[in-house]
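Take a walk through this protein with the model open beside you. Follow each stop in turn.

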Amino acid sequence: MSSLPGTLIKTGEFQTHYIEQGAGEPVILVHGGGAGADGTSNWTGCLPFFAKRKRAIAVDLVGFGHSDAPDPAGFTYSQDARNAQLIAFIEALGLEKVSLVGNSMGGATSLGVAMQRPDLVENLVLMGSAGLPTPVSTSLGAILNYDFTVDGMRRIIAALANPHFHATEDQVRYRHELSVQPATRAAYAATMAWVREHGLEYRTEQIEQVKTRTLVVHGKDDQVVPVTQAYKFLELLENSSGYVIPNCRHWAMIEYPELFSAVTLDFLDGYR
Ligand SMILES: O=C([O-])C(=O)/C=C/CC(=O)c1ccccc1
């Protein structure tokens, strides 16, 4: 795997990297927060499907992929910082309204933008989303306690995907090599330290005030964020519908890219 050709754009004090394919209504895909994650590795399988119907933009969160990774000595890798980055990114692109599709930490970030700037968000898709108090399972522990080794990366991928999914050596190497870049490594350590201290949850009253049209997608066998969290989001988000995928863990967009893309695109086009 190699990074798809991307673009850097200034978002506040640092540069944000993104890749995009297709034309039409803008849909921003926001990757999860595991080591080595970025727009390319999370969304390569879905981009061709999205690009047929939308302007699909896959962003790299601060400290991930090819976005800047500011020195943790002078930058706090908080959830607010990722929310602010995504808002600044939408505005830097000159977009008035977008749909956001967020995976896990990317879901928490998309939800945070819908809370802070509902004017910017047309539709919200939360996939395996963080944002609620989540027990630290062995699988989540593999992410939080990553040791920057290739075996550690294999443990992360095994934690994220269903056993029937076999990551290629290329996928493992791509993510591992990104994760051990000195600035990215320091940013990831700081990000996980912040998550261990603060969690990735919002208060229920914050979630309840989100009225954005939302689709909650979750793997029924998710070992990182249990499927019960999806039911909780459906309860709290009054304008939400859900789609639960059997025989699927945390990586619905990688385990079932065509199904995930079809369900999401039909939702974005108002068919669901
Ligand atoms: O591709 C990935 O790295 C990915 O999907 C990771 C998801 C886990 C995630 O974002 C997360 C990180 C910290 C705490 C809870 C959740």
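Cys46 counts as buried, at 0% relative accessibility. Here buried means under 20% relative accessible area, exposed means over 50%, and partly exposed lies in between (1.4 Å probe, protein chains only). Cys248 is buried too, with a relative accessible area of 0%. How far is the sulfur of Cys46 from the closest cysteine sulfur? That sulfur belongs to Cys248 and lies 11 Å away, so it is too far for a bond. A disulfide is a pair of cysteine sulfur atoms within 2.5 Å. By this rule the count is 0 disulfides.

A word on the source. This is a predicted model, in which local features need pLDDT of at least 70 and side-chain atom pairs count only at pLDDT 80 or more, while totals for chains, interfaces and linings use all residues. Residues are numbered from 1 along each chain as its sequence is written, and side-chain values use heavy atoms, with hydrogens and water left out.

Next, find Phe50. Its place is in helix α2 (residues 47-51). Helices (H or I, at least four residues) and strands (E, at least two) are DSSP runs, numbered from the N terminus. Phe50 is buried, at 0% relative accessibility. Now look across to Tyr271. Phe50 and Tyr271 are 221 residues apart in sequence, and 15 Å apart in space, C-alpha to C-alpha.

Move on to the strands. Which strands pair with β6? Strand β5 (residues 98-103) pairs with β6 in the parallel sense, over 6 bridges. Strand β7 (residues 213-219) pairs with β6 in the parallel sense as well, over 5 bridges. Two strands pair if DSSP finds at least two bridges between them. Gly102 has Leu126 in β6 as its bridge partner. Leu124 has Thr214 in β7 as its bridge partner. In a regular strand, side chains alternate between the two faces of the sheet.

Trace the chain from β5 to β6. β5, helix α4 (residues 105-116) and β6 make a right-handed β-α-β unit. Right-handed means that, with the strands pointing away from the viewer, the path from the first strand over the helix to the second runs clockwise.

Stop at Ser104, in the loop between β5 and α4. Its phi is near 60°, a positive value in a residue other than glycine. Ser104 is buried, with a relative accessible area of 10%. Phe148 also has a positive phi, about 65°, although it is not a glycine. Phe148 sits in the loop between α5 and α6 (150-160). It is buried, with a relative accessible area of 13%.

The largest pocket holds about 370 Å³. Of its 29 lining residues, the closest to its centre are Ser104, Ala130, Leu140, Val195 and Leu200. Helices α5 (138-144) and α8 (182-198) each give two or more residues to this lining. By class, the lining has 16 nonpolar, 10 polar and 3 charged residues. Ala, Val, Leu, Ile, Met, Phe, Trp, Tyr, Cys and Pro count as nonpolar, Asp, Glu, Lys and Arg as charged, and the others, Gly among them, as polar.

There is 1 cavity of 30 Å³ or more. The largest cavity holds about 60 Å³. Its lining includes Met1, Trp251 and Ile254. On a 1 Å grid over the protein atoms alone, a cavity is a set of points where a 1.4 Å probe fits but cannot get out; a pocket is an open set with protein on both sides within 12 Å along at least five of seven lines; lining residues have an atom within 4 Å of a point. Grid points are joined across faces, edges and corners, and a volume is the space filled by probe spheres set on the points.
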